[in-house]
Each structure stands twice: as C-alpha cells, then as structure tokens.
Amino acid sequence: MALTATIPARVLVTKIGLDGHDRGSRIVAAYLRDAGMEVIYTEPWQKIESVVALALQEDVDVIGISSLATDHLLVPKLMKALDGAGLGHIRVIVGGIVPDDEEAVLLKSGVSRVFHPGADRADIVDVVARLARDAGANRPDG
Amino acid sequence: MDRTVSDTPRLAARLIEGEPAALARAISLVESDTPAAIDILRAIRPHLGHAVVVGFTGPPGVGKSTLVNTYIAELRKRGKSVGVVAVDPSSPITGGAVLGDRIRMAEHTLDQGVFIRSLASRGALGGLSASAAQVADLMDAAGRDVVILETVGTGQSEVEMAMIADVRVVISAPGMGDDVQAIKAGILEIADILVVNKADQPLALQTCQQLKAMLGLRDLTRRSVPVLCTDAINRTGVGDLADAVEAVAGRVKQRENRSAVAGRTRHLLAQAVAKAAETHVMQSRTQTIAAIVQGIQEARLSLSEGARQVLNNLGGEGHDG
Ligand code: B12
Ligand SMILES: Nc1nc2c(ncn2[C@@H]2O[C@H](COP(=O)(O)OP(=O)(O)O)[C@@H](O)[C@H]2O)c(=O)[nH]1
Ligand SMILES: [Mg+2]
C-alpha cells in the first residue's frame, strides 16, 4: 500500500529491583529510537506489577530489561506475570551483567535473548526488530 | 508489520466494557490506521460523549507532564476515572521516538482508575498525532470520565488541540525568556484557562500579572479566561485548576457534542489528506511526480501549481509508489 507507512515497533526499556545503573538502558533506548522505533522509557526501580501495567497500557511488542546487579533474577517472575496478564506474546530481552549460569535460567524462563557489556548496536537493533515482528504475529487479538 | 485482527467486534465490545487490554489494543489499531480501525470507531460511536477531554499544551519544560500527574491525583480524589494521551514528537528523520512523559506520572501506574498511553506524533505536521482525536474517543468509549491530552506547543498543534479538546489549558512558566511574548501569538485565542506553572519560582507572580494585563487589553465582549498559578511539584493551585476545568466543561457540554463540533472532522480530513499527499510525493518513483519536481526546480511551475498537479495525479492514476 503506497499511502501507508510502516508501523514502528514499540519497545519498553526499563529496570526492575534496586539497581540504579541506568547508562546502559539510556543508550539502548537511544539506539532503538534512532532505528525508528517508539521507545517507552522509565526510571529504574520498577516493580514487576508496574512493568506489566506499562506493557499492557502501551501495547508494546518487546520489553528490554537492563540489569547490572542481580535484579535479572526477578525476570522469571516477570515472565509469569506477563503470561498471567494475557501478555504472553510480548518478547522479553535482558542486557547487562549476567553470568552464564544465570543466563541459562533466564533463557529457560522464556527470555528471548541476553546481551552483555559491549553488546553491538546493530545486533541489538536487529534482534529487537525481529522479536517485535514475532510478537505482532502472536498477539491474541491479532 | 501487518497485524490482522481476528475478532474486531469482540475487541470493541471488551473496550466498551472498559477492559484496559482491549483499550490498549484498539489504540494501536487506530493509531496504525489498520483496516480494523474503522470497524472499531464505528462500533464505539453510540458510546461517545461521556468524557470531558482536557488539553494541556505549552512549550517543552514548563511542567506539563508534572502538572498532569498532579491533576490526575486531584481527579482521583474527586472520584473520576482518567485516561491520558501523552504525545511526543517522532524524529522526522528516523521516525523513532523516546516517549518519556509518563515518567512524571509513575505514581499512577498501578491505579486501575488511570490509563496512560504515550503516542508518537508519527510525522503529523503540527506535532499532534493525527490519531489523537480518535484515541481520545476510544478512551471516552471505554468509560473514562476525564481524558487528558498532553501535547507540546509548537504553534500549529495548539490549533489542532483546540479542535479536539473540550477544555483547553495553556501552560507557561516563569523565567522562560520571552515566553509571555510567545504566548501572545495565537494561543490566547484558543485558551480556556491559562496556567503559570512553577509558582515556586521567583518570577512567577510577575508572569501571572503580565498575562492578566495582556488579557485585560482584549475586547471586553469576549469571555474571560482565568489565569491560575500552580506549583506542580508541591501540588498547589491544582484544586483551583480542577474547578476551572469543571466550570468550562459545564459550559461546553451544554453547547454541543464534541464529535459534531463544527470543522473538527473537516480538519482531521485535511490533515489526513496532507499526510497521504506527503507520503505519495516522498515515496513515488513515477515520471509524473519527477516531472513536477523538476518543473518547480527550474521555476517553470509555482509550488502551489505543483501541489495542484500532485492532487490531480493522486485522484487520477492513484498511488503507484
Ligand atoms: C558506571 C558504573 C557505576 C555508576 C553508575 C552510573 C549510572 N547512572 O549508570 C555509579 C558510580 C553510580 C555506580 C554505582 C554502583 N556500582 Co557500578 N558500575 C559502573 C560500571 C563501571 C560501568 C557501567 C556502565 O555504565 N557501563 C556502560 C553501559 C553503556 O554499558 P552496559 O550497561 O553494560 O550496557 C551495554 C550492554 O550491557 C547492553 N545492555 C545493557 N542493558 C541493556 C538492556 C537492553 C534492553 C539491551 C538490549 C541491552 C542492554 O547494551 C549496552 C551497550 O552495549 C560497571 C562496571 C562494568 N564494567 O560494567 C560497574 C558495576 C556495574 N557497578 C557495580 C557496583 C557493585 C556498584 C555499586 C553497588 C557500588 C557501591 N558499593 O556503591 C553502586 C550501586 C549503584 C546503584 N544504585 O545501583 C558492579 C556490579 C557487580 C555485580 N553485578 O554483581 C560493577 C559490575 C563493577 C564491578 N565489577 O564490581 N556504578
Ligand atoms: N520548580 C518547579 N519545577 C517544576 C514544576 N513543574 C515541573 N517542574 C520541573 O520542570 C521540568 C520539566 O517538567 P515536565 O513535566 O517534564 O515538563 P513538560 O516538558 O512541559 O512536560 C522537570 O524537571 C520538572 O521537575 C513546578 O511547579 N516547579
Ligand atoms: Mg511532557
């Protein structure tokens, strides 16, 4: 259709728990914005329930959690909460300081991908764009 | 991304029941102008007219989002359910946006009585998302008592907001250089309420007085526009703001139904035409458009004549790009 532009992916970039390192999440938010995506950015210290409410109201395709302490260990709880709220189509990624054994736990809980310090901008953008398409294809309401 | 909808009537029904997930989804469909959007907009028509739509506009940084946050708290105290549409500009280059208004409204995230949605302007010329009016309607149909529309004041967007909102609140703040001068141009005409926020700042009183003086110079036959001082952080003056909004809303509701407001639909259509034409001109690879562009470059065609030819081309050959 010539008269309709493509629909930008919508991504929530946030942090849960007590970890206040926000440089990574700010940078990633800017990467995604500059790749043409619509980013809902929050301050750190979100509760799991808040992330669910934000994702629901903003109808995002992807949630990116930045974690430089140990708060990513809460992410499996987030995955359950999203499912419980009927938001199982949303793809979740984590970035920051995540040891290998914990990465395995996250992936097992349904996280799509874990990024580490030095993660490449193009890689992040590609993965988020692909996951946004996946989420769109799996929506319960179409 | 082409998202097809399996069950639009069901989605509309859930929205009318007030289900947040259905409202969220319907907003995306309408915002993206998908084929399902028109079905949803038709389904909600009988359910419109309950909400009061309040527009908050003003230059960046005057405290619109912070004031919206405080105003939400006041509305909740008064037992009202609230919907917020917060519009931020998309990058004209990449189309991307960081939508940060709701950071200031975080205290309401877990309140079921508050539904906040961030919209990117998606290239709308005046800064207000073209679909903001329709999104406000969706929130109305979902049963929200008050729908707040936050937009950055960029000149044109105030005029657009005037078309959409029942009550127009124009916000300024002290110490913003010639802010008061800037406010003169056009905005006084559309404001129902003027707010000087950051009342805690040294020059607040002075700004308030300047505004009042400026209003005093106007034609006496025109309705009076209250000038209020607020401190959005310490939450003073917000009760007065809520009272003033109620007073204006009372007047407006008696007068007419919002979606029937003269010129509103025509204005939205004009906006949609402009957007369609822009997309056509920017994306078309046809000879016709290239020839018009060249004609203008070589000063054989005026811009307005070129535009006329583009519109004829849109109607005739249709879209090809
Ligand atoms: C800068 C820094 C700080 C700054 C933070 C400033 C800020 N506002 O962010 C300050 C000085 C405040 C600070 C404080 C502390 N810090 Co510190 N800090 C660092 C440091 C040196 C760099 C982090 C950084 O900003 N990197 C730059 C950004 C851009 O990189 P990044 O976050 O890794 O992001 C990249 C990727 O990871 C990925 N990514 C990250 N998030 C996301 C999200 C998504 C969605 C995606 C797709 C990708 C992605 O993409 C990014 C780009 O490549 C690290 C050491 C390190 N090498 O990481 C320690 C470090 C994180 N800090 C640490 C500690 C312990 C602390 C303190 C507890 C120290 C103390 N005792 O007070 C406090 C706690 C602060 C708090 N409230 O949480 C430890 C954490 C240990 C752990 N994980 O168990 C580290 C690892 C240092 C160490 N080796 O001990 N810190
Ligand atoms: N001193 C003072 N600062 C305020 C007030 N309201 C907002 N601010 C601050 O002004 C800045 C911009 O606020 P924001 O609500 O984001 O403005 P917006 O761009 O108009 O939405 C933030 O740092 C706020 O904390 C106020 O009443 N007094
Ligand atoms: Mg704002």
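Me: Which residue follows H12(B), and what is its phi like?
Reply: H12(B) is followed by B:Ala299, which has a positive phi near 60°. Helices (H or I, at least four residues) and strands (E, at least two) are DSSP runs numbered from the N terminus. This is a predicted model, in which local features need pLDDT of at least 70 and side-chain atom pairs count only at pLDDT 80 or more, while totals for chains, interfaces and linings use all residues. Residues are numbered from 1 along each chain as its sequence is written, chains are lettered from A and ligands numbered from 1 in the order in which they are written, and side-chain values use heavy atoms, with hydrogens and water left out.

Me: Where does B:Ala299 sit, and is it buried or exposed?
Reply: B:Ala299 is in the loop between H12 and helix H13 (303–316) of chain B, and with a relative accessible area of 66% it is exposed. Buried means under 20% relative accessible area, exposed over 50% and partly exposed in between, with a 1.4 Å probe and protein chains only. As background, most residues other than glycine have a negative phi.

Me: Which other residue has a positive phi although it is not a glycine?
Reply: A:Asp59 has one, with a phi of about 45°. A:Asp59 lies in the loop between helix H2 (48–58) and S3 of chain A, and at 7% relative accessibility it counts as buried.

Me: Back to H12(B), which residues are buried there?
Reply: In H12 (residues 287–297) of chain B, the buried ones are B:Ile289, B:Ile292 and B:Gly295. They lie on the same side of H12(B) because they cover an arc of only 120° around the axis, the arc being that of the directions from the helix axis to the C-beta atoms. On the other side of H12(B), B:Gln287 and B:Gln297 are exposed.

Me: Why would residues spaced like that point the same way?
Reply: An α-helix has 3.6 residues a turn, so residues three or four places apart point the same way.

Me: New topic, the magnesium ion (ligand 3): what are its protein donors?
Reply: They are B:Ser65 (OG), B:Asp101 (OD) and B:Glu150 (OE), lying 2.2 Å from the ion. B:Asp101 lies in the loop between S3 and strand S4 (114–120) of chain B and B:Glu150 in strand S5 (residues 146–152) of chain B, so the pair ties together parts that are 49 residues apart in sequence. Donors are N, O and S atoms within 2.8 Å of the metal (3.2 Å for Na, K and Ca), and since water is not among the atoms, sites may look incomplete.

Me: Are B:Asp101 and B:Glu150 buried or exposed?
Reply: B:Asp101 is buried, with a relative accessible area of 10%, and B:Glu150 is buried too, at 3%.

Me: What does the cobalt atom of ligand 1 get from the protein?
Reply: The cobalt atom has a single protein donor, A:His21 (NE2), 2.1 Å away, and A:His21 is found in the loop between S1 and H1 of chain A.

Me: And how many residues surround ligand 1?
Reply: There are 23, counting a residue if one of its heavy atoms lies within 4 Å. The closest are A:Gly20, A:His21, A:Asp22, A:Ser66 and A:Leu68. A polar side-chain atom of A:Ser66 lies 2.7 Å from a nitrogen atom of ligand 1. H1, strand S3 (62–67) and strand S4 (91–96) of chain A are the elements that give two or more residues to this shell, and H1(A) gives the most, with 4 residues.

Me: Which unit does H1(A) belong to?
Reply: Strand S1 (residues 10–14), helix H1 (residues 23–34) and S2 of chain A make a right-handed β-α-β unit. Right-handed means that, with the strands pointing away from the viewer, the path from the first strand over the helix to the second runs clockwise. S1(A) and S2(A) pair in the parallel sense over 4 bridges, where pairing requires that DSSP finds at least two bridges between the strands. S2(A) is also joined by 3 bridges to strand S3 (residues 97–99) of chain B, and these two run parallel.

Definitions and conventions:
Polar contact = N/O pair within 3.5 Å; in protein donor to acceptor, adjacent residues only side chain to side chain.
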